[in-house]
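Open your viewer and get ready to click along.

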Amino acid sequence: LMLGGGVGIPPMVFLAEQLVAAGVSMENSLVLMGSEVPFPFQQTTSKISVNGLPAAASDAMPDLENINVASRLASLQNYSGCHQGYVTDLATEWLKSLNKEQLGEVEIFACGPEPMLEAAAAVAKRFELPCQLCLEEYMACAVGGCAGCSVPVYHNGEMAMKRVCVDGPVFSAASIYPDI
């Protein structure tokens, strides 16, 4: 399950494309994308059926449709064909429709604004799923020298500052939001 919000959409599309290129079956995968500004692509009505999603969430990203990866869109802007809510709400609906065996095969990958990442971590915890977060931080030097992109990361109850540019940008949700 890949969740992309705003500028976090391209990394999730890239991940899906790379998995397809590597020969990974995407039959049971889902990419959910959210935006509060018009999507930077022409929406299309999906031809890929996804059980457990509201019928109103019918639009998808054409590039993902073309490689047979299911995707749906979410927004609070009343865009036609989009789920009226957050990607994490849409993810919750889909996850609630899965049985225990199916849930055992799900991992969440998310990239987007911090409130979305925190909500994704909460969804992962609720369903007891592994979750990886791709953090969006300003990177002044991008080589680890300035430490301007440092974030607190928790491991075994201990906090350490990690540089997103060289130690990440991907971290486990539990290490970023240990109190969820």
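Before the first selection, one definition: a patch is made of residues with over 30% relative accessible area and no salt bridge, where like charges are joined within 9 Å and nonpolar side chains (Val, Leu, Ile, Met, Phe, Trp, Tyr) within 5 Å. The accessible areas come from the Shrake-Rupley method with a 1.4 Å probe, and for residues only the protein chains shown count as cover. A salt bridge, in turn, is a side-chain nitrogen of Lys or Arg within 4 Å of a carboxyl oxygen of Asp or Glu.

Please keep in mind that this is a predicted model, in which local features need pLDDT of at least 70 and side-chain atom pairs count only at pLDDT 80 or more, while totals for chains, interfaces and linings use all residues. Residues are numbered from 1 along each chain as its sequence is written, and side-chain values use heavy atoms, with hydrogens and water left out.

**Stop 1: a nonpolar patch**

Select Tyr-154, Met-159 and Met-161. Together they make a nonpolar surface patch of about 300 Å². Tyr-154 sits in strand E9; helices (H or I, at least four residues) and strands (E, at least two) are DSSP runs, numbered from the N terminus. Tyr-154 has a relative accessible area of 32%, so it counts as partly exposed. On that scale, buried means under 20% relative accessible area, exposed means over 50%, and partly exposed is in between (1.4 Å probe, protein chains only).

Now select Glu-158, in strand E10 (residues 158-163). This residue is exposed, because its relative accessibility is 58%.

**Stop 2: a negative patch**

Select Glu-114, Glu-118, Glu-136 and Glu-137, which form a negative surface patch. For this count, Lys and Arg are positive and Asp and Glu negative, with His and the chain ends not counted. The place of a charge is taken as NZ of Lys, CZ of Arg, CG of Asp or CD of Glu. Zoom in on Glu-136, in the loop between strand E8 (131-134) and strand E9 (150-155). Its relative accessible area of 32% makes Glu-136 partly exposed.

**Stop 3**

Most residues other than glycine have a negative phi, and most peptide bonds are trans. Stay in the loop between E8 and E9 and pick Ala-142. Though not a glycine, Ala-142 has a positive phi of about 65 degrees. It is partly exposed, at 42% relative accessibility.

Next, pick Asn-156 in the loop between E9 and E10. Here too phi is positive, about 50 degrees, in a residue that is not a glycine. Asn-156 is exposed, with 69% relative accessible area.

**Stop 4: salt bridges and a cis bond**

How many salt bridges does a search of the whole structure find? There are two. For one, show the side chains of Arg-163 and Asp-167, which meet at 3.6 Å, N to O. Arg-163 is partly exposed at 29% relative accessibility, and Asp-167 is partly exposed at 34%.

Now select Gly-168 and Pro-169, joined by a cis peptide bond with omega about 15 degrees. Pro-169 lies in the loop between H6 and strand E11 (170-172).

For the other salt bridge, go to Lys-96 and Glu-93, where the closest N and O atoms are 3.3 Å apart. These two residues are three apart in helix H3, so about one helical turn separates them. Lys-96 is partly exposed at 47%, and Glu-93 is partly exposed at 33%.

**Stop 5**

Select the whole of helix H3 (residues 87-96), which is mostly covered: seven of its 10 residues are buried. Among them are Val-87, Leu-90, Trp-94 and Leu-95.

From here, step into the largest nonpolar core, which has 39 residues. A nonpolar core is a set of buried Ala, Val, Leu, Ile, Met, Phe, Trp, Tyr and Cys residues joined through side-chain atoms within 4.5 Å. Color Leu-1, Leu-3, Trp-94, Leu-95, Ile-108 and Leu-133, the residues with the most contacts inside this core. Elements giving two or more residues to the core include H3, strand E7 (108-111) and helix H5 (114-126). H5 gives the most, with six residues.
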